2 protein chains.
Amino acid sequence: MLMHNPPHPGEVLKELCIEPLGLTVTEAAKALGVSRKTLSAILNGKSGISPEMAVRLSIAFNTSSESWLNQQTQYDLWQAEQRREELHVTRLSVA
Amino acid sequence: MLMHNPPHPGEVLKELCIEPLGLTVTEAAKALGVSRKTLSAILNGKSGISPEMAVRLSIAFNTSSESWLNQQTQYDLWQAEQRREELHVTRLSVA
DNA sequence: ACACTTGTAACGTAACAGGTTACACTAAAG
DNA sequence: CTTTAGTGTAACCTGTTACGTTACAAGTGT
C-alpha cells in the first residue's frame, strides 16, 4: 500500500540522468529517438512514461526498463487510489 | 530484466479469484462496477488492467492494487522489450 | 422450450502518447 | 544590440486503448 505521493518519473529522469550528464532536452530527445516535445512533456510531468519509452531510457542510460515503468506504475496507482472511495465496488472475498 | 513471457493478468485473475469463488463473469462484473464486456475482455486477454481497475480488484478481492498493476506492467514491458532492437536509440551513459 | 451465461461485433466516447510546425521567451555569445 | 541555442507550449493531426450500451449467436442446464 502506497503511503506517500510518489514523484513523477519525469522529475527523476531529469535529476538523475539529464542534469548529471549536462544534456540539453534537445540532445536527449534526439538520442532517445523521440521528438523534443515528447521528452519535454515527460520531464515537466505532462505525460507519463510508456512501455516503449521505458525501453528507450534503458538503452540510452544503461538502466533497467523495469525501474522506469515501475515508477510510472506507482505514480499512476497513487492517482487512482485517491479516487478509491468514489468507486462503488462490492467486496467478494474476505481472504 | 524479464526473461520469460509473463502471463496475462486476466488469466491470473480468472484462476485466482473468479474460479475459486465460483463467480460468474456477470456477477463479478456487477460487483466490480464495470460492464460485463470490460471484465470479459480482461479475462480473455483482450485488454489490460487499468490503474482504476486495479483499485477495483483490490477492493473486491481484498488484495493489493499494486500487485495487479505490477503484473500488467511486467506484461506490457515484456511486449515492449520484444521490439528493443527496432528502436534506434543512442547510448548516452556507460554508468 | 426456457433461462442463464458467455464471447463478441458494432457502434459510440474520453484519454493519452506521439508527431510536426510555429511561436514567444530566455540566456549566452558575437 | 543582434544573433543563436535552448526551451515550453499551443494548435493541429494520428493511432491506440479502456469503457459504455445494445444486440446477437452459441453453449449449458433445468
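**Chat: around DNA strand D**

Modeller: In this predicted model, the surface near DNA strand D has three nonpolar, 10 polar and five charged residues. Near means that a heavy atom of the residue lies within 4 Å of the strand. Nonpolar covers Ala, Val, Leu, Ile, Met, Phe, Trp, Tyr, Cys and Pro; charged covers Asp, Glu, Lys and Arg; the others, Gly among them, are polar.

Colleague: Which residues are closest to DNA strand D?

Modeller: Val25(A), Thr26(A), Arg36(A), Lys37(B) and Thr38(B) are the closest of the 18 that surround DNA strand D.

Colleague: Which phosphate oxygen distances do you have for DNA strand D?

Modeller: One phosphate oxygen lies 2.7 Å from a polar backbone atom of Val25(A). For an N or O atom in the side chain of Ser40(A), the distance to a phosphate oxygen is 3.1 Å.

Colleague: And which elements give two or more residues to that surface?

Modeller: α2 (25-32) and α3 (36-43) of chain A, plus α3 (36-43) of chain B. Helices here are DSSP runs of H or I with at least four residues, numbered from the N terminus.

Colleague: New topic. Which residues of α3(B) are buried?

Modeller: Leu39(B), Ala41(B), Ile42(B) and Leu43(B). Buried means under 20% relative accessible area, with a 1.4 Å probe and protein chains only.

Colleague: What do they pack against?

Modeller: α1 (9-18), α2 (25-32) and α4 (51-60) of chain B.

Colleague: What comes just after α3(B)?

Modeller: Gly45(B), with a positive phi of about 70°.

Terms used: Residues numbered from 1 in each chain as written. Chains lettered and ligands numbered in written order. Predicted model: local features only at pLDDT ≥ 70, side-chain atom pairs only at ≥ 80, totals over all residues. Heavy atoms only, no water. Polar contact = N/O pair within 3.5 Å; in protein donor to acceptor, adjacent residues only side chain to side chain. Buried < 20%, exposed > 50% of the residue type's maximum accessible area, 1.4 Å probe, protein only. Contact = heavy atoms within 4.5 Å.
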